[in-house]
Amino acid sequence: MTRGNQRERDRERAQARTGNKAKNSKDDGLTPEQRRERDAKALQEKAAKKAAQQATGGNSAGGGGKSSGKK
């Protein structure tokens with residue numbers, strides 16, 4: 001019992017499901033140095049945003065904790 005072309009068909013289906021994202025993610029036209037600069041800038045912006053959020057009061061999700069209402 002051989003699989004025939006089932007393995008090839010499964011690969012094609014898997015590739016169609018992912019949309020070739022894995023192969024195109026690194027092909028952004030940047031040199032490694034440019035990529036490092038872009039990533040460093042993004043990390044600095046993220047850190048600044050987090051610091052600003054902590055300075056304004058931290059968690060803005062609300063909730064508040066337990067309610068103390070009696071019945």
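Me: What should I know about the numbering and the values before reading on?
Reply: Residues are numbered from 1 along each chain as its sequence is written, and side-chain values use heavy atoms, with hydrogens and water left out. Because the model is predicted, local features need pLDDT of at least 70 and side-chain atom pairs count only at pLDDT 80 or more, while totals for chains, interfaces and linings use all residues.

Me: Why is the contact of Asp-10 with Arg-13 called a salt bridge?
Reply: The closest N and O atoms are 3.8 Å apart, and the term asks for a side-chain nitrogen of Lys or Arg within 4 Å of a carboxyl oxygen of Asp or Glu, so the pair qualifies. Both residues lie in helix 1 (residues 6–18), 3 residues apart, which means about one helical turn separates them.

Me: What makes Asp-39 and Arg-38 a salt bridge?
Reply: Their side chains meet at 3.4 Å, N to O, and that value therefore falls within the cut-off.

Me: Why is Asp-39 called partly exposed?
Reply: Its relative accessible area is 37%, which lies between buried (under 20%) and exposed (over 50%), taken with a 1.4 Å probe and protein chains only. Arg-38, at 40%, is partly exposed as well.

Me: How do you know where confidence is lowest and where it is highest?
Reply: By mean pLDDT, the predictor's confidence in each residue from 0 to 100, helix 2 (residues 21–24) is lowest at 57 and helix 3 (residues 32–55) highest at 94. Where pLDDT is low, the predicted coordinates should not be read in detail.

Notes: Helices (H or I, at least four residues) and strands (E, at least two) are DSSP runs, numbered from the N terminus.
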